[in-house]
Amino acid sequence: MERLVTRDRRTLQPSDEVQRLFLRHSAAVRGFIYTLLPINDYADDLLQEVFITAMEKAAEYQPGTNFQAWVCTIARFKVLEFRRAQARLRLLSPAAMEALADNAPSSTDHEQDAVGALRRCLEKLAPAARQVLELRYRDARTPTQIAEMRGNTPLSVNVALSRARAFLRRCMDQQLLQESPPRVAP
Amino acid sequence: MSPHDSERLIHAYLDRSISDDELERLNEAVLNQPEVRELFWRLAEVDQTLYTVYSELESQEAGLALLEELSDLEDAADAALVAIEPHRVRRRSSQSGVVQRHVDVSSTDRPQELFSLAVLRVYRVVSRDGARRSWWAMGALATAAMLLVVIGLYRLTSRDGSQPSPPVPSQPLVTDTPGQTVPAPAVVASVTDAIDVDAVTLQPGATLLAGEVIVLPRGLMQVVMQRGARVLLHGPCEVTLVDDNTLKLHHGRLAAYVPQQAKRFTVDTPTTRVIDLGTEFGVEVASARRTEFHVFDGSIEVETKAGGRRFAFEHDEGGTVDDAGRLDRQPSPFAAARYWRSMPTEEQYRLVTESTLALWRFDTLSPRLEPGDHVPDLGRSGLHLRLETGALEQLPGRYGMPGGVQFVGPSVRLSNDDVQRLLQFGRNDSFTLEAFVRISPNNPNATLITRDVAPMRPSWWWRVEDGLARFMIGDGVEEPVVIGRRPVNDGRWHHLAAVRDAVRGELRLYINGELDGITSDTTRGDLYSIHSVQLGRFHGVRRDAYYDFQFHGDMAMVRISRGALEPSAFAARQFFTRDDPSLWHEEFDR
């Protein structure tokens, strides 16, 4: 197996290598974009833009250097470009986005682990809390819409969401801590 | 900006419900506060992961629907595999015929990674054709369908081409429910009135994970560790589950029952490690600088964090360890009263915590109490009674059930001098006194409970006189008394109750939940007394036994509650059941 993979790599072109790396880091790149631009449709569009640009600039990428940092630089440029073009959207100011981008975590390689951890944590939520999250994240409803659907106040929906997300964050941290090497047998 | 504010604004931003004013504040915080930027990334990660998980589920559902329409699954699989990971095709070829329709997508470890691979591949192809958006959705959907096959292969063929190993079953954990087992490392067995900040996590049956922090602002939660230790967390408290036989108690109180197989179950505290040696014990962390522990049964080993010294403690022993490693060893014969050692019913818990001021049960004491011994207050107000004179002997109730205590000797008095501030009732306070007693026909006069000084002084008492219950309260001016109608000294167990109902302006007496007497409460002032609460005898010593009203009989329980309890809330139904025939009275069934 290892021999096969090594042989495959030797024959890769720069664009293939960038594509392979992009695929590997796509979730992290998407997360980077989403943090700066937390609107799913736009984030997806920008991810595609970033992919195209990365492929076009594949020859500029130095193999062995930090690919995620390289591609996030492209993503950052794309997000700011988008932000300036969409001044009417209620988004962070370009300066705040820049500051936020400067503070980006160096590596988010644990994205797959995070998804698995989140799934397990979701199972522990009460049905009512899960329902609110589904409305928010699966159906993309705003807290106000959710409140109307459930006959609650927006404040109570915000509180429910906050509590659920705080729990999930803590639970994920614990799960990831548990899963990080040395692994603890289940 | 406080962390709480920051979190609220970031969530509002991510939820797209932020106002202009809030956005302005968030902009400023992001620009000027590094900790806000750090928090932003963390919250956004959870947000994005939530979208990922839910979109995955949606994609899988769409893919499954399309999968039904694909005629050649193996070709679809090949197409996807060629596009994504050529080396897997070769492996798959040697596993011909393994593709199955019932692939379990939801349980794969890597659907998102594979989905990303497939979707981006499709994107690249369609974008080259210049038909970007129109083909995107269909391509993604088709790829998702192919992906299901890929995932099926992935799960059916491990990296070396062999069948994946079945998961190693964790050690089953026996819970309260016979035959029920739960996974490692611990599980919430039962909960009483426990509200966590994330209350959603505290359902009975929820699995707890190593490293998980449990915060109980109130209530009780019973956790069963994988190795079998049963831990009753007392809210408010905060613990971390370290592994299947270790808990870290940050603050608060817990009681642990440790069976043999969980020997060396450990409670780690800021100053101490309390290690079980086959026992039942309680641990309390009131501050980070001091840990208190008590052995209810068996023995424990205590290791100080500072200095690493080890000490052994036996039954009824306890002590404290401070952050300098100093040990203060103390006998603690009644410390157990401060802990719940088994899970009460919701109703019991509510009664004790919400209305019960003091609760003394005599049916579970040691065989004989001598002067100086204590009767613990199960109401956890710390109103432990001290036996001053005489003796209390445990009665072997019928059918092997404990039947309370017998007051032995010419002068038996239980008192507590610490109740000066407590158990004081003002002019507007309702309260209820209850006792489970058995008095023989030879003893027509008996003091149940009093806080009496002298006539025309604020006080109250409850006694049996000439076989009838009497309840008096006095504010120094008025001294209304209610007298019962039915004799209670018939040699049978009875639940007696005396109620001062300040709302209705009544004094009431009950026998076995039945109204036995009622009169108007004519007092207008407070009932505050300078004397302690007494059981079994009036305060002071008189030579005339008649005026002492010495209780000669058997007593199983006395409770003092806040409020005018209705018969449905009397202790007869809450603490004793028909299963305890020595204490159950047929009238309770009415």
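What percentage of the 186 residues in chain A is buried? Select chain A to begin. Buried residues make up 37% of chain A. Keep in mind that this is a predicted model.

**Stop 1: chain A as a whole.** Colour chain A by secondary structure. You will find nine helices and zero strands. Go from the N terminus onward, and the elements read α-α-α-α-α-α-α-α-α. Now consider contacts between residues at least 6 apart in the sequence of chain A. Of these, 66% join residues at least 24 apart.

**Stop 2: a pair of helices.** Select residues 40–56 of chain A, which form helix H3. The crossing of H3(A) past H4(A) is right-handed.

**Stop 3: the side chains between them.** On H3(A), show A:Tyr42, A:Leu46, A:Glu49, A:Val50, A:Thr53 and A:Ala54. On H4(A), show A:Val71, A:Ile74, A:Ala75, A:Lys78, A:Val79 and A:Phe82. These residues make the contact. Sort them by class: nine are nonpolar, one is polar and two are charged.

**Stop 4: chain B.** Switch to chain B and colour by pLDDT. The mean is 68, and 57% of the residues of chain B reach 70 or more. Select residues 62–184 of chain B: here the pLDDT is below 50. Beyond near neighbours in sequence, this stretch has 144 contacts in the model. Next, select residues 396–404 of chain B, where the pLDDT is also below 50. That stretch has 25 contacts beyond near neighbours in sequence.

**Last stop: the whole model.** Show everything. The model scores ipTM 0.83 and pTM 0.39.

Notes: Residues numbered from 1 in each chain as written. Chains lettered and ligands numbered in written order. Predicted model: local features only at pLDDT ≥ 70, side-chain atom pairs only at ≥ 80, totals over all residues. Helix = DSSP H or I, 4+ residues; strand = E, 2+ residues; numbered from the N terminus. Buried ≥ 20, exposed ≤ 12 C-beta atoms within 10 Å, placed from the backbone. Contact = placed C-beta atoms within 7 Å. pLDDT = per-residue confidence, 0-100. Axes fitted to C-alpha atoms, helices over the stretch in contact; angles between N-to-C directions. Left-handed = near helix turned anticlockwise from the far one by under 90°. Nonpolar A, V, L, I, M, F, W, Y, C, P; charged D, E, K, R; others polar.
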